[in-house]
Amino acid sequence: FFHYPQGVEKSVYGLYELPKNAKSVIVAESCFNALTAIKYGYNAVALLGTGTSYEIEQLRRLGVQEFVLCLDGDDAGQRGMAKLKKALKSVAIVWTIKMPANKDINDCSKEEFDALYATRE
(Lines give C-alpha, C1' and ligand atoms only; values in the text may rest on other atoms or scores of the structure.)
Protein backbone atom coordinates (compact mmCIF):
# COMPACT_ATOMS: atom_id res chain seq x y z
CA PHE A 1 0.00 0.00 0.00
CA PHE A 2 1.09 3.53 -0.67
CA HIS A 3 0.56 5.95 2.19
CA TYR A 4 1.24 9.63 1.72
CA PRO A 5 1.59 11.96 4.69
CA GLN A 6 -1.34 14.29 5.34
CA GLY A 7 -1.23 17.32 3.04
CA VAL A 8 1.22 15.88 0.50
CA GLU A 9 0.11 16.51 -3.10
CA LYS A 10 0.71 13.51 -5.41
CA SER A 11 2.16 14.38 -8.83
CA VAL A 12 1.81 12.43 -12.05
CA TYR A 13 4.70 9.97 -12.24
CA GLY A 14 6.84 10.16 -15.39
CA LEU A 15 5.64 13.49 -16.81
CA TYR A 16 9.12 14.84 -17.25
CA GLU A 17 10.34 11.69 -18.97
CA LEU A 18 7.85 11.99 -21.84
CA PRO A 19 9.28 12.97 -25.21
CA LYS A 20 8.60 16.65 -25.95
CA ASN A 21 6.64 15.70 -29.08
CA ALA A 22 4.47 13.02 -27.42
CA LYS A 23 1.04 13.02 -29.03
CA SER A 24 -0.44 10.03 -27.21
CA VAL A 25 0.06 8.98 -23.58
CA ILE A 26 -1.13 5.95 -21.65
CA VAL A 27 -2.35 6.88 -18.17
CA ALA A 28 -1.80 4.01 -15.73
CA GLU A 29 -2.62 3.59 -12.07
CA SER A 30 0.85 2.72 -10.76
CA CYS A 31 4.43 3.57 -11.63
CA PHE A 32 5.14 -0.13 -12.23
CA ASN A 33 2.33 -0.31 -14.80
CA ALA A 34 3.62 2.83 -16.52
CA LEU A 35 7.14 1.40 -16.63
CA THR A 36 5.82 -1.82 -18.16
CA ALA A 37 3.96 0.15 -20.84
CA ILE A 38 7.15 2.11 -21.56
CA LYS A 39 9.08 -1.15 -21.84
CA TYR A 40 6.46 -2.29 -24.37
CA GLY A 41 7.14 0.83 -26.47
CA TYR A 42 4.40 3.24 -25.38
CA ASN A 43 4.55 6.70 -23.81
CA ALA A 44 3.07 6.33 -20.32
CA VAL A 45 2.60 8.09 -17.00
CA ALA A 46 1.10 6.99 -13.69
CA LEU A 47 -1.31 8.53 -11.21
CA LEU A 48 -0.26 6.61 -8.09
CA GLY A 49 -3.96 5.89 -7.62
CA THR A 50 -7.01 6.82 -9.64
CA GLY A 51 -6.29 10.53 -9.98
CA THR A 52 -6.44 13.55 -7.70
CA SER A 53 -7.62 16.96 -8.87
CA TYR A 54 -3.97 18.12 -8.95
CA GLU A 55 -2.92 15.15 -11.11
CA ILE A 56 -5.86 15.74 -13.45
CA GLU A 57 -4.84 19.37 -13.86
CA GLN A 58 -1.27 18.27 -14.66
CA LEU A 59 -2.63 15.98 -17.38
CA ARG A 60 -4.91 18.70 -18.76
CA ARG A 61 -1.90 21.02 -19.19
CA LEU A 62 0.21 18.36 -20.89
CA GLY A 63 -0.85 19.35 -24.41
CA VAL A 64 -1.11 15.86 -25.90
CA GLN A 65 -3.68 14.98 -28.54
CA GLU A 66 -4.72 11.66 -27.04
CA PHE A 67 -4.96 10.00 -23.64
CA VAL A 68 -5.31 6.23 -23.39
CA LEU A 69 -6.65 5.38 -19.95
CA CYS A 70 -5.53 2.01 -18.65
CA LEU A 71 -6.30 1.70 -14.98
CA ASP A 72 -6.59 -1.61 -13.16
CA GLY A 73 -9.39 -4.03 -14.02
CA ASP A 74 -11.26 -3.56 -10.76
CA ASP A 75 -14.13 -1.36 -9.57
CA ALA A 76 -11.81 1.45 -8.44
CA GLY A 77 -10.06 1.42 -11.82
CA GLN A 78 -13.37 1.61 -13.68
CA ARG A 79 -14.59 4.50 -11.53
CA GLY A 80 -11.26 6.25 -11.96
CA MET A 81 -11.38 5.92 -15.75
CA ALA A 82 -14.90 7.36 -15.86
CA LYS A 83 -13.77 10.32 -13.74
CA LEU A 84 -10.67 10.88 -15.89
CA LYS A 85 -12.54 10.59 -19.16
CA LYS A 86 -15.01 13.24 -18.05
CA ALA A 87 -12.20 15.54 -16.86
CA LEU A 88 -9.94 15.15 -19.92
CA LYS A 89 -12.32 14.93 -22.87
CA SER A 90 -12.34 18.70 -23.37
CA VAL A 91 -8.55 18.84 -23.96
CA ALA A 92 -7.83 15.64 -25.95
CA ILE A 93 -9.28 12.49 -27.44
CA VAL A 94 -9.72 10.00 -24.61
CA TRP A 95 -9.66 6.25 -25.15
CA THR A 96 -10.04 3.52 -22.55
CA ILE A 97 -8.51 0.07 -22.39
CA LYS A 98 -10.72 -2.45 -20.65
CA MET A 99 -8.40 -4.58 -18.57
CA PRO A 100 -9.58 -8.08 -17.65
CA ALA A 101 -11.05 -8.40 -14.15
CA ASN A 102 -8.48 -7.94 -11.39
CA LYS A 103 -5.62 -7.51 -13.87
CA ASP A 104 -3.30 -4.63 -14.70
CA ILE A 105 -0.66 -3.96 -17.35
CA ASN A 106 1.96 -5.94 -15.41
CA ASP A 107 -0.19 -9.06 -15.76
CA CYS A 108 0.00 -8.86 -19.58
CA SER A 109 2.71 -9.96 -21.95
CA LYS A 110 3.60 -7.43 -24.63
CA GLU A 111 1.47 -9.33 -27.14
CA GLU A 112 -1.51 -9.40 -24.78
CA PHE A 113 -1.20 -5.69 -24.05
CA ASP A 114 -0.77 -4.82 -27.74
CA ALA A 115 -4.04 -6.68 -28.42
CA LEU A 116 -5.85 -4.78 -25.63
CA TYR A 117 -4.43 -1.49 -26.92
CA ALA A 118 -5.65 -2.29 -30.44
CA THR A 119 -9.22 -2.73 -29.14
CA ARG A 120 -9.31 0.46 -27.04
CA GLU A 121 -12.66 2.19 -26.94
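## A tour by selection

Start at Asn102, in the loop between β4 and α4 (110–118). Helices (H or I, at least four residues) and strands (E, at least two) are DSSP runs, numbered from the N terminus. Asn102 is not a glycine, yet its phi is positive, near 60 degrees. Asn102 is exposed, with a relative accessible area of 65%. Here exposed means over 50% relative accessible area, buried under 20%, and partly exposed in between (1.4 Å probe, protein chains only).

Before moving on, note that this is a predicted model: local features need pLDDT of at least 70, side-chain atom pairs count only at pLDDT 80 or more, and totals for chains, interfaces and linings use all residues. Residues are numbered from 1 along each chain as its sequence is written, and side-chain values use heavy atoms, with hydrogens and water left out.

**Next, Leu48.** Select the loop between β2 and α2 to find Leu48. Leu48 also has a positive phi, about 55 degrees, without being a glycine. Its relative accessibility is 18%, so Leu48 counts as buried.

**Then helix α2.** Select residues 53–60. Glu55, Ile56, Gln58 and Leu59 are buried there. They share one side of α2, because their arc around the axis is only 155 degrees. That arc is taken from the directions from the helix axis to the C-beta atoms. Now show what covers these buried residues: the cover includes β1 (24–28), β2 (44–46), β3 (66–70) and α3 (75–88). Contact here means heavy atoms within 4.5 Å.

**On to α3.** Which residues of α3 are buried? Colour Gly77, Gly80, Met81, Leu84 and Leu88. They cover an arc of only 100 degrees around the axis, which puts them on the same side of α3. Turn to the other side: Asp75, Arg79 and Lys86 are exposed. The buried residues pack against β1, α2, β3 and β4 (93–96).

**Last stop, the largest pocket.** Select Leu15, Tyr16, Leu18, Pro19, Lys20, Ala22, Gln58, Arg61, Leu62, Gly63 and Val64, which line the largest pocket. On a 1 Å grid over the protein atoms alone, a pocket is an open set of points where a 1.4 Å probe fits, with protein on both sides within 12 Å along at least five of seven lines; lining residues have an atom within 4 Å of a point. The space in the largest pocket is about 250 Å³. Its lining divides into seven nonpolar, two polar and two charged residues. Gly counts as polar in this scheme.

How values were computed:
Points joined across faces, edges and corners; volume = space filled by probe spheres on them.
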